Amino acid sequence: MGDRIAVMRAGELVRVGTAEELYLHPGELFIARMFSEINEVPLKAAKGMIATPFGDVPAPGIGDGETAVLCIRERGIVLSDPRTAADGTLAGRVLDVKFLGAVALLEVGVQGFDRPLKARAREIEGWRKGAEVAVTVARERVLVFKPNGAESQ
C-alpha cells in the first residue's frame, strides 16, 4: 500500500499524486471523472470566462467561442428550503430520488440549466420527488476543462 496514486491512460503516465491532490486538482477531465461524481455542462467561453446560471467562472486557456466543460461535483450542490434561502440560490425541483444508504442521489431540475443536475444529500434531509428547492453551487469547487480533457482550471 502506498500513499500516492499513478494515473495512466493509453499506456502513458498522466499524473501522480495523493488521492486528495487528484481529487482537488485533477488537471484534466479524464482524472476528474475518475475521482468525482460530476455533472458535465458544455458552455461557450468568452473573454476567459464562461457564463453560468450562478455567475461567471474563469476558463483560463479556453479561447473565445470555444466550448468548455463546466464540471459541478454532485457533492458541491447544496439544497435548501426555498422559503429560507439566501441570495445567490437558484430555483429547482427534485425530479428523482435514489436511496443509497446514508446518502441519496437526487436529480434536480435547476433554473438556467438545460439538463437536470445530480446532487448528493444526506438521506436524513428527507428530500422527496416534486419538492421545490433552493440550489447553491459551491463555486470554489467547480472545475473547467477543455472537452478534450486538457487542463484549464
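User: How much space lies in the largest cavity?

Analyst: Let me start with the general idea. Rolling a probe the size of a water molecule over the atoms shows where empty space is left. This is a predicted model, and in it the largest cavity holds about 30 Å³ of space. The count comes to 1 cavity of 30 Å³ or more.

User: Which residues line the largest cavity, and how do they divide by class?

Analyst: The lining is made up of Val 97, Ala 104, Leu 106, Arg 122, Glu 123, Gly 126, Trp 127 and Arg 128. By class, these divide into 4 nonpolar, 1 polar and 3 charged residues.

User: Now for open spaces. What volume does the largest pocket have, and which residues lie nearest its centre?

Analyst: The volume of the largest pocket is about 230 Å³. Its lining consists of 15 residues, and those nearest the centre are Glu 40, Val 41, Phe 113, Asp 114 and Arg 115.

User: Which strand gives the most to the lining of that pocket?

Analyst: That is β3, with 6 residues. Two strands, β3 (38-46) and β10 (117-122), each supply at least two residues of the lining. Taken by class, the lining of the largest pocket has 8 nonpolar, 2 polar and 5 charged residues.

User: How many bridges join β8 to β9, and how many join β8 to β11?

Analyst: Strand β8 (residues 90-99) pairs with strand β9 (residues 103-110) over 7 bridges, in the antiparallel sense. With strand β11 (residues 132-137), β8 pairs over 4 bridges, also antiparallel.

User: How many residues lie between β8 and β9 in their hairpin?

Analyst: There are 3 residues between the two strands of this hairpin. In the turn you will find Gly 101, with a positive phi of about 100°.

User: Which residues other than glycine have a positive phi?

Analyst: Ala 10 and Lys 47 are two to look at. Ala 10 has a phi near 55° and is found in the loop between β1 (5-9) and β2 (12-17). Lys 47 has a positive phi of about 55°, and its place is the loop between β3 and β4 (49-52).

User: Are those two residues buried or exposed?

Analyst: The cut-off for exposed is over 50% relative accessible area. Ala 10 has 81% relative accessibility, so Ala 10 counts as exposed. Lys 47 has 74%, so Lys 47 counts as exposed.

User: What is the strand order in the sheet that holds β3?

Analyst: That open sheet has 5 strands in the order β5-β4-β3-β6-β12, with antiparallel pairing. Its edge strands are β5 (55-58) and β12 (143-145), each pairing on one side only. The twist averages 40° from one strand to the next. Within the sheet, β3 and β6 pair in the antiparallel sense over 7 bridges.

User: Finally, why does Glu 74 count as buried, and which side chain does the side chain of Glu 74 contact?

Analyst: Buried means under 20% relative accessible area. Glu 74 counts as buried because its relative accessibility is 6%. You will find Glu 74 in the loop between β6 (67-73) and β7. A polar contact of 2.7 Å joins its side chain to that of Arg 120.

Note on methods: Residues are numbered from 1 along each chain as its sequence is written. This is a predicted model: local features need pLDDT of at least 70, side-chain atom pairs count only at pLDDT 80 or more; totals for chains, interfaces and linings use all residues. Side-chain values use heavy atoms; hydrogens and water are left out. On a 1 Å grid over the protein atoms alone, a cavity is a set of points where a 1.4 Å probe fits but cannot get out, and a pocket is an open set with protein on both sides within 12 Å along at least five of seven lines; lining residues have an atom within 4 Å of a point. Grid points are joined across faces, edges and corners, and a volume is the space filled by probe spheres set on the points. Ala, Val, Leu, Ile, Met, Phe, Trp, Tyr, Cys and Pro count as nonpolar, Asp, Glu, Lys and Arg as charged, and the others, Gly among them, as polar. Two strands pair if DSSP finds at least two bridges between them. Buried means under 20% relative accessible area, exposed over 50%, partly exposed in between (1.4 Å probe, protein chains only). A polar contact is a pair of N or O atoms within 3.5 Å; within protein, one must be able to donate a hydrogen and the other to accept it, and residues adjacent in sequence count only if both atoms are side-chain atoms. Axes are lines fitted to C-alpha atoms, for helices over the stretch in contact, and angles run from 0 to 180 degrees between N-to-C directions.
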